[in-house]
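Welcome, and thanks for taking a look at this one with us.

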Amino acid sequence: MPPWLAYAASGVSLFAVGMSALVLHGEVMRKILAANVSASGVFLVLVALARRAPKGPPDPVPHALVLTGIVVSVSATALALALVRQLRHGAQLGPSDERRR
Amino acid sequence: MRGVPWLELTILAPLCGALLGLVLQRAVAVLALVSSLSTAVASAGVAVLVARHGTIRRSVGAWELPLGIQLRADGLAALVLVAFAVVGVFITAYAMVHFEPGSRAARSFFPLWLFAWTGLDALLLSSDVFNLYVTLELTTLTSVGLVATGGDPAALSSALRYLLFAMAGSLLYLLGVALLYGAHGVLDLDLLGAVVTRGPVTWGALALITCGLALKAPLFPLHGWLPAAYASAPVPVSALLSGVVGKCSLYVLVRIWLGVFGVPLGRAPAVLIGVLGAAGVLWASIVACRQQRLKLLVAYSSIAQLGTIFLVFPLMGRAAFAGGAYLVISHACAAAAMFIAAGTIEQVVGHDEIDRLDGLAHRLPLTFVAFALAGVSAMGMPPSGGFVAKWLLVRTAFELHEWWWAAVILIGGLLSAAYVFRVLRGAFVPAPITETIRRSRASDLLALGLALLALALGLAPDLPLALAAQGAPS
């Protein structure tokens with residue numbers, strides 16, 4: 001098996017592991033972690049696919065995609081964690097009493 | 001006219017409004033209105049350009065394909081852009097009535113809504129599979145934030161649930177994009193469409209991308225997150241999610257099918273999507289009939305309407321395509337009108353339980369007229385945008401000799417008549433007027449305006465349909 005294929009295959013397995021944990025686990029923190037594991041799997045696949053020729057330089061586009069993907073993934077994780085924190089602290093922003101009319 | 005960068009402006013106008021709104025919090029509502037109106041003007045500019053010159057392409061930052069990113073507006077994009085901008089202006093105006101000026105809810109709603117709009121316009125104008133991913137994420141993350149502006153535990157937990165579903169969906173989609181790029185080395189929809197062939201990679205990418213978008217759209221049976229999210233969000237958020245933002249995953253799916261998968265993979269996967277869409281229509285309509293709360297009823301009705309739009313996949317062809325586009329824009333008006341009416345009812349009587357609305361129509365006549373008129377479009381009765389859309393779909397079904405799709409659309413229409421009349425029946429029962437109620441005439445007028453737009457789409461369909469036909473599949 002060529003090395004890039006090994007990387008791509010482990011990326012796909014990481015993705016599958018994360019995705020199944022995301023579906024099967026009930027606990028929210030586990031789900032968020034699972035989504036991150038799964039995202040790492042996708043990024044690994046992209047980086048592995050960046051290899052074009054045996055000796056040539058790698059394709060830069062997938063690296064750019066991975067960077068963007070990481071930004072999206074971090075933002076989504078941050079949002080999820082913020083929501084979990086709000087829920088656990090029972091913080092009320094309370095717009096319902098701020099309604100007019 | 002040609003010199004003005006209308007495409008870029010449709011993205012920049014809401015973006016500037018959102019950024020300024022974060023800084024100038026006192027003036028956030030006015031800023032939002034100005035930026036909504038500017039976005040609407042820019043969207044109209046795009047539509048005029050497309051109607052005159054056909055599909056427009058712009059290479060962002062002058063980076064050419066295949067490395068650069070293109071903005072592209074064809075007839076479908078222009079039509080949806082304009083329709084969403086009009087509904088968007090109504091929703092901004094309604095939010096100005098709904099939220100206390102300067103309140104915390106208003107300060108978080110307006111910038112988030114404008115960010116969502118930025119993502120939405122960028123998504124409508126995207127022409128490559130990765131840019132569609134990024135813009136879809138922008139729109140989804142801001143929508144999750146919008147649901148959470150409700151602030152109570154129900155809103156927060158439904159926002160979290162929505163986010164987890166969306167994360168799973170976007171990862172599936174991204175892996176599909178990785179497969180496509182690995183096999184073909186391009187991301188642009190047109191370039192991909194030219195090189196994609198039938199094969200295991202294409203099937204894998206198709207399955208991943210379709211599942212991911214079906215989770216986000218949502219397509220039956222993956223809709224678990226939607227009713228709670230729509231029903232627990234503040235009313236302007238429910239209106240904009242159900243009317244506008246909730247269509248974007250479906251739009252991406254249509255784009256990718258038209259551009260990439262439609263031709264090489266044949267009809268089987270499209271029929272599968274159609275079957276799930278049809279199941280969604282029937283199931284969600286029946287569940288809508290059994291709801292106790294008005295906002296949940298409208299939420300399930302939205303799932304049913306989305307299911308109907310999914311029928312364009314098995315019926316794919318010029319007429320069905322136009323019908324799907326038409327259903328998107330008429331439902332955008334009707335759903336927003338229904339949610340605003342439901343919100344007015346809830347604010348006035350303090351609840352939205354359908355069985356306790358007796359006699360309310362005499363006290364809130366405009367509200368119920370708006371709800372009923374929007375209901376006419378949801379049922380697909382003439383004269384309404386919903387009728388034109390469903391007629392185009394039904395006609396295509398008969399042309400293909402596949403009457404069962406037509407049956408699903410007609411049964412869905414009958415069931416929506418059942419749940420709309422169930423709301424109206426109680427409300428129009430004569431009841432003594434016990435107290436005078438404070439109500440907002442402005443929100444009634446906005447709901448009525450949206451409902452009348454849905455009707456107007458049925459009376460004057462030529463112009464929008466001609467626009468949708470620009471660059472449509474033959």
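Below is a short tour by topic, from one chain to the contact and then into the other chain. Please bear in mind that this is a predicted model.

**Chain A on its own**
- Chain A holds three helices and zero strands, and its elements run α-α-α from the N terminus on.
- Of the 101 residues in chain A, 33% are buried.
- If you take the contacts in chain A between residues at least 6 apart in sequence, 50% of them join residues at least 24 apart.

**Where chain A meets chain B**
- The contact draws on 35 residues from chain A and 35 residues from chain B.
- On the chain A side, helix H1 (3-24), helix H2 (28-49) and helix H3 (60-89) each supply at least two residues.
- H3(A) gives the most to that side, with 13 residues.
- Sorted by class, the side of chain A that touches chain B has 21 nonpolar, nine polar and five charged residues.

**H3 and H14 of chain B**
- Helix H3 (residues 75-98) of chain B packs against H14(B) at an angle of about 5°, and their axes are 9 Å apart.
- Because angles under 35 degrees count as roughly parallel, H3(B) is roughly parallel to H14(B).
- H3(B) brings residues to this contact that include Leu76(B), Val80(B), Phe84(B), Val87(B) and Ile91(B), while those from H14(B) include Ala325(B), Val328(B), Ile329(B) and Ala336(B).
- By class, this helix pair's contact has 16 nonpolar, two polar and no charged residues.

**The nonpolar core**
- The largest nonpolar core has 228 residues, of which Val80(B), Leu163(B), Ala336(B), Ala337(B) and Leu450(B) touch the most other members.
- Setting aside neighbours within four places in sequence, Val80(B) is in contact with Leu124(B), Tyr251(B), Ala325(B), Val328(B) and Ile329(B).

**H16 of chain B**
- Helix H16 of chain B covers residues 365-379, and its 15 residues reach 21 Å from the first C-alpha to the last, close to the 21 Å expected.
- H16(B) is mostly covered, with eleven of its 15 residues buried.
- Among the buried residues are Phe368(B), Phe371(B), Leu373(B), Val376(B) and Met379(B).
- The cover over the buried residues of H16(B) includes helices H13 (294-310), H14 (318-349), H15 (360-363), H17 (385-399), H18 (403-427) and H19 (441-459) of chain B.
- Just after H16(B), Gly380(B) adopts a positive phi of about 85°.

How values were computed. Residues are numbered from 1 along each chain as its sequence is written. Chains are lettered from A and ligands numbered from 1 in the order in which they are written. This is a predicted model: local features need pLDDT of at least 70, side-chain atom pairs count only at pLDDT 80 or more; totals for chains, interfaces and linings use all residues. Helices (H or I, at least four residues) and strands (E, at least two) are DSSP runs, numbered from the N terminus. The expected span of a helix is 1.5 Å times one less than its number of residues. A residue is buried if 20 or more other C-beta atoms lie within 10 Å of its own, exposed if 12 or fewer, and partly exposed in between; C-beta atoms are placed from the backbone. Two residues are in contact if their C-beta atoms, placed from the backbone, lie within 7 Å. Ala, Val, Leu, Ile, Met, Phe, Trp, Tyr, Cys and Pro count as nonpolar, Asp, Glu, Lys and Arg as charged, and the others, Gly among them, as polar. A nonpolar core is a set of buried Ala, Val, Leu, Ile, Met, Phe, Trp, Tyr and Cys residues joined through C-beta atoms within 7 Å. Axes are lines fitted to C-alpha atoms, for helices over the stretch in contact, and angles run from 0 to 180 degrees between N-to-C directions. Angles under 35 degrees count as roughly parallel, over 145 as roughly antiparallel, 65 to 115 as roughly perpendicular and the rest as oblique.
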